[in-house]
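Student: Before we discuss the terms used for this model, may I see the sequence and the structure?

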Amino acid sequence: MNSTHYPIIMMLLFLIVGVSNPVIKKKFDNIEKTIIMSTFFIAISLAFYTFIFIKIEGPFFYNFGGWGRKFGIEFAIDGFSSLMSLLIVLLSAVIVWYSFRDIGHEMDDENFISYYTIVFLLIFSMLGITFSNDLFNIYVFMEILSLTSCGIISIKHKKVNFLASFRYLILNTLGSLSFFFGIALLYMVTGHLNIIEMNLAIQQVWQVTPTNILLATGFIFIGLAIKSALFPMHIWLPDAHSSAPSPSSALLSGLVVKVYIFTMAKVIFNVLGKEISQALDIDLFLSIFAAISMVMGSIFAIAQKDIKRMLAYSSVAQIGYMFLGIGIATELGLAAGFFHIFSHALMKSALFLSAGAIIYKKDLRDISKFDGLGYELPISMSVFTIAALGMIGIPGIVGFMSKFYLAEAVILAGKPYFIVVILLSSFLNAIYYLPIIISAFIKKDPDREKLLEFDDIPRSMYTSLIILGFCMVLFGMFPNLLMNTITAVVPTFIN
Amino acid sequence: MDLIKSLLDHINYVGSVTLFVIGLYTVLTHSNLLKKVIGINIMETSIFLFFVSIGYISGGKTPIIYPGTEDVYYVNPLPSTLILTGIVVALSITVYSLSLIMRLYKEYGTLDMDKIMEIRSETQDE
Amino acid sequence: MKKIIFGLLLSGLLFILISGILEMPALGSLDNQSYNEVTHYYIENSIKDTNAPNMVSAIMTDYRFFDTLGETIVLFTAITVVISVRIIGVGKSHYLKGD
Amino acid sequence: MDDLIVKVISKIIIPFMQVFGIFVILHGHLSPGGGFAGGAILGASLILLTLAFGLNDAKKKMPHSMSKLVETGSILLIISLGLFSILNGYNFLTNGASGFNLGKTGEIISAGFIPIATLAIGLKVGSTLITLFHTIIEED
């Protein structure tokens, strides 16, 4: 077997295990856990092998059925998509390892098997969107992704979950339909669905039917903006991310939104090309909306009392950073945006998982009651603190580096006024994160004795929290581990 | 006169775009959950109509090759194929949203989104 | 009030869309940009490549089979999700009371 | 609903509907139709059965465990077609080149894996439709 098949085998692995799970297993037991974790182990090794293989041999294209890119479907497996797939597989492995104990607290026992089936299909579709080089194929995967991401919310049988899931589904479908209509308009004038062929065709028809390209771009962008919760279209996000079970929130906030942002970058730079997107002023619009998003998301977050709602609004703000990176559209700006995809995935999943640990142990969602919690749950609260400090931008943690790169990119691109927005957003972040840390570690609680005791949470939960905390500090101290790969990939997007 | 001729030349596209906007209007303005789903379905159908119209060639035959037929035009088979996929996706979305609506009706006792939001905000204040 | 605002906004959208649509190639003409070499390839070579006279079938289950696989997975997902919402644990949501 | 005319008529036409569905599925690569159309016809016949004889009788004919098997099995069948191509040294889901018999144009057993794939899709769509219908009308 040729090693170019490995990404496909990795995807199929998730598909086969996910699909055959409900048939072969009736009960959720240790065998099931072993199956799930060994699937992840094989997938991680395949993803890692692909990543190394591409570093040595260079990117390649994979044609399904061997028909070539004009007639069949093609996967583009390049440096960034392999890095992204590695992130998806690794992070979801950590989250799933965490979820083994946590889901018992969140949902009915009979739904456990369905939960992991849905999670596996979710990972499958994210990998598909990441690799795919064909717009219609991306649409099909997007539909799987929207069904599964609503499914992991509504699997918890509470009133709020059904409502959040329904609103998410309706808006998600509006987004998909808008994206689909954009594809239809593009197909009408180009006659291709493959991204590379479409780019060549657009450069020819761009002068003939500019209105069509403009309309199509508008539809595709509104669709993707709804799905990735850019500011005015973010209304589904707080409900969906806060009501979901904690592992689902981590998956949704850490990975699903990022996949749509990556698709947005693909559309801007690979389908349209840099010149046409600048002629249509896309970068300007994106950076303006991103700036509004960064400020407004933080302002909304300050007003929240529920910890998971606060984290969800904070996601809205952080999504603005990534779009700002894409909107600047220089090499460094794009690299900073991509770097923030990774750092935010680490930080936000750590935040949601530690919030989940607090809810698991103390059944506590109200921020004002966190006094002295750091002495009772030291591991979860320290991971929470590391991630929160990273969000604020304290040096040494991964979040600082992405803000630093972004600020550098903004200055080099000659748009220094965005620095003000970045600083303002960091300041607002500090306003809502610092009180939690202070009350958890410094404030005295009369009911509690100040004895430092070890977290009384299951082992799978704190090991995954420790792994995430370690990664945040590691990439904060040595950002070049990631940044070197990203800067090597970015020129293929821009040119 | 030119405008009318041009409209007639693009009649399918105009129709599908109009349907798209009608569907969007239904989704945005009606607070009844079922009507929202109906609006989504109208939008989906409009896109299917649009896609199939792209592939249409006047005088073209169905893209099935029978032996002995030569020198005929076939319509573009690719959009029809894509729409087959799209129909199934639309079905899945509709079924899932209907099942969610059934649960929502059981939990809240109403199908009206505004009333549901009222009930929710009352329970949140407590 | 809401209806009027949305109605005005969406009729603006409709106007823009129709005026954009009218610039595009007419319905059913042979010089459509989408009737390009890809379509000609499918029409001329699908018999040779796959031996299936029905071109739609040939594209659906051969040239673009991966889409079809993806969409059977959509169906599977729909079933799993609907069952998880509708059937499992419906009668006994005892510990999930409240909001 | 307990109506004699509906029951008798559906008893007569359901076999014809199912035969027609299978015909459409098997001739998917030769004539109009294919996996989706045929599967929808099969599913419609079972929905008619449910409407005429009630949910309990229909569930005996098509129990949930069986439809689950069909749904999983058809996806696994499609994947195994693709893995066969990979084992023969070609890309995933390669048809003629990787050793599937293309046969003669116009025969039922021709065109490589297209009839198998159509059959899998048809069964999948039919069983999905009936499962979804049963799930939706179930009383809770």
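Student: Why are H3(C) and H5(D) called roughly perpendicular to each other?

Tutor: Helix H3 (residues 55–63) of chain C and helix H5 (residues 114–137) of chain D pack at an angle of about 85°, with their axes 10 Å apart. Angles under 35 degrees count as roughly parallel, over 145 as roughly antiparallel, 65 to 115 as roughly perpendicular and the rest as oblique. H3(C) and H5(D) are therefore roughly perpendicular. The axes are lines fitted to C-alpha atoms, for helices over the stretch in contact, and angles run from 0 to 180 degrees between N-to-C directions. Helices (H or I, at least four residues) are DSSP runs, numbered from the N terminus.

Tutor: As to conventions, this is a predicted model, in which local features need pLDDT of at least 70 and side-chain atom pairs count only at pLDDT 80 or more, while totals for chains, interfaces and linings use all residues. Residues are numbered from 1 along each chain as its sequence is written, and chains are lettered from A and ligands numbered from 1 in the order in which they are written.

Student: Which residues meet where H3(C) packs on H5(D)?

Tutor: C:Ser57, C:Thr61 and C:Asp62 in H3(C) meet D:Ile114, D:Ala117 and D:Thr118 in H5(D). By class, this contact has two nonpolar, three polar and one charged residues. Ala, Val, Leu, Ile, Met, Phe, Trp, Tyr, Cys and Pro count as nonpolar, Asp, Glu, Lys and Arg as charged, and the others, Gly among them, as polar.

Student: What makes A:Thr190 count as buried?

Tutor: A residue is buried if 20 or more other C-beta atoms, placed from the backbone, lie within 10 Å of its own. A:Thr190 has 24 C-beta neighbours inside 10 Å and therefore counts as buried. A:Thr190 lies in helix H6 of chain A.

Student: With which residues is A:Thr190 in contact, leaving aside its neighbours within four places in sequence?

Tutor: They are A:Met198, A:Ala201, A:Ile202, A:Val205 and C:Gln33. Two residues are in contact if their C-beta atoms, placed from the backbone, lie within 7 Å. Between A:Thr190 and A:Ile202 there are 12 residues of sequence separation and 6.5 Å in space, C-alpha to C-alpha.

Student: How many residues does each chain give to the contact of chain A with chain C?

Tutor: Chain A gives 41 residues and chain C gives 32 residues. On the side of chain A that touches chain C, the largest share, 10 residues, comes from H5(A). That side has 19 nonpolar, 16 polar and six charged residues.

Key:
Helices (H or I, at least four residues) and strands (E, at least two) are DSSP runs, numbered from the N terminus. A residue is buried if 20 or more other C-beta atoms lie within 10 Å of its own, exposed if 12 or fewer, and partly exposed in between; C-beta atoms are placed from the backbone.
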